[in-house]
Amino acid sequence: MACRDEHAAFGGHGHSHDGGGHGHSHDDPERGLESSLFDSIDHDKVRCLNESEPQAIRKVLRPHHQKLEPDMFVESDADEELIVVIPFCNDVTIKSICVVSEHGEQAPARMKAYINQDSLDFDNITEAEPTQEWDLVHGDHSYETKIVKFGGLHCLTLFFDSNFGADTTKINFIGFYGVFNKVVRRSYIKVAGNIRSIWIFACMFSCIGLSLSMLWMDILGLGVANIEGQELVDGCDCMIRGILCVCVCV
């Protein structure tokens with residue numbers, strides 16, 4: 001069953017504090033096509049603050065076709081609050097967020113989203129301005145984002161700060177839907193930068209070595225001569241050319 005069909009079957013629409021509409025449609029002409037961003041999540045770097053079981057959040061960020069698995073969930077520990085930090089391997093545009101919770105009073109009642117802020121924790125998140133927030137409802141529901149604010153995103157932080165009255169909060173599934181841009185990962189860019197630096201230093205030392213050799217030959221009265229016996233390049237000329245070569249490399 002397609003995601004939009006599942007959404008229609010379960011019904012219900014969340015309320016956005018930004019007035020961003022209700023629910024979501026995968027083929028809404030005004031919002032464009034969207035698909036699951038599960039494969040774009042950097043799963044090894046996902047973290048959750050105040051979860052009762054370490055790394056339980058990874059069971060919640062699972063493929064769309066497994067979203068209704070009842071025995072896979074994350075539960076808060078000390079109180080009802082949860083902070084989930086989700087980095088992405090690619091820059092993405094998130095158009096909707098699906099939250100599934102079937103645990104009555106333990107279901108989350110509100111969700112706040114912060115884009116590209118991976119250092120938020122319980123000490124500073126209340127001071128940060130959320131990009132968007134939603135009132136949540138029980139069951140399986142999708143919540144539309146304000147797309148213009150959720151583009152060029154490489155990290156998303158979700159803050160579930162309340163539930164429907166229980167001491168702890170349980171969430172069965174969190175899914176993200178939208179589009180992604182294939183980009184060169186930052187680690188590759190860093191490696192490319194290091195290779196360029198190594199190449200520049202290699203050119204620099206080669207030019208300096210050649211210049212010093214030619215200068216020494218000039219001091220000894222030796223020159224680089226052409227077939228007519230005239231000196232073609234002396235040491236000083238080579239030194240100048242070596243410096244210009246390094247400047248070009250940089």
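Q: Quick one to start: is W134 buried or exposed?
A: Buried: W134 has a relative accessibility of 1%. Keep in mind that this is a predicted model.

Q: Which ring does W134 pair with?
A: That's F150, with the two ring centres 6.4 Å apart. The planes sit at 50°, so the pair counts as tilted.

Q: Where do W134 and F150 lie in the chain?
A: W134 is in strand β7, while F150 is in the loop between β8 (139-144) and β9. They're 16 residues apart, and the pair links distant parts of the chain.

Q: And F150, buried or exposed?
A: F150 is buried, at 0% relative accessible area.

Q: How many aromatic pairs are there?
A: The count is 3. Another one to look at is F122 with F159, whose centres are 6.4 Å apart.

Q: What's the geometry of F122 and F159?
A: Edge-to-face, because the planes are at 70° and the cut-off for that class is over 60 degrees.

Q: Where do F122 and F159 come from?
A: F122 belongs to the loop between β6 (108-115) and β7 (132-135), and F159 to strand β9 (residues 153-163).

Q: How accessible is F122?
A: F122 is partly exposed, at 34% relative accessibility.

Q: What lies over the face of F73?
A: K170 does, 4.4 Å from the ring centre.

Q: Switching to charges: how many salt bridges are there?
A: There are 6. One of them joins the side chains of E144 and R31, at 3.5 Å from N to O.

Q: Where are E144 and R31?
A: E144 is in strand β8 and R31 in the loop between β1 (15-16) and β2 (35-36), so the bridge ties together parts 113 residues apart in sequence. Both E144 and R31 are buried.

Q: What does R110 bridge to?
A: R110 meets D161 at 3.0 Å, N to O. R110 sits in strand β6 and D161 in strand β9, so parts 51 residues apart in sequence get tied together. R110 is partly exposed at 27%, whereas D161 is buried at 11%.

Q: Which residues are in the network with R110?
A: K112 and D161; salt bridges link them and R110 in a network.

Q: What about D42, which residue does it meet?
A: K45, in a salt bridge of 3.9 Å from N to O. D42 is buried, with 11% relative accessible area, but K45 is exposed at 55%.

Technical notes:
Residues are numbered from 1 along each chain as its sequence is written. This is a predicted model: local features need pLDDT of at least 70, side-chain atom pairs count only at pLDDT 80 or more; totals for chains, interfaces and linings use all residues. Side-chain values use heavy atoms; hydrogens and water are left out. Rings of Phe, Tyr and Trp (its six-membered ring) pair if their centres lie within 6.5 Å; planes under 30 degrees apart count as stacked, over 60 as edge-to-face and the rest as tilted. Helices (H or I, at least four residues) and strands (E, at least two) are DSSP runs, numbered from the N terminus. Buried means under 20% relative accessible area, exposed over 50%, partly exposed in between (1.4 Å probe, protein chains only). A charge sits over a ring if NZ of Lys or CZ of Arg is within 6 Å of the ring centre and within 35 degrees of the ring normal. A salt bridge is a side-chain nitrogen of Lys or Arg within 4 Å of a carboxyl oxygen of Asp or Glu.
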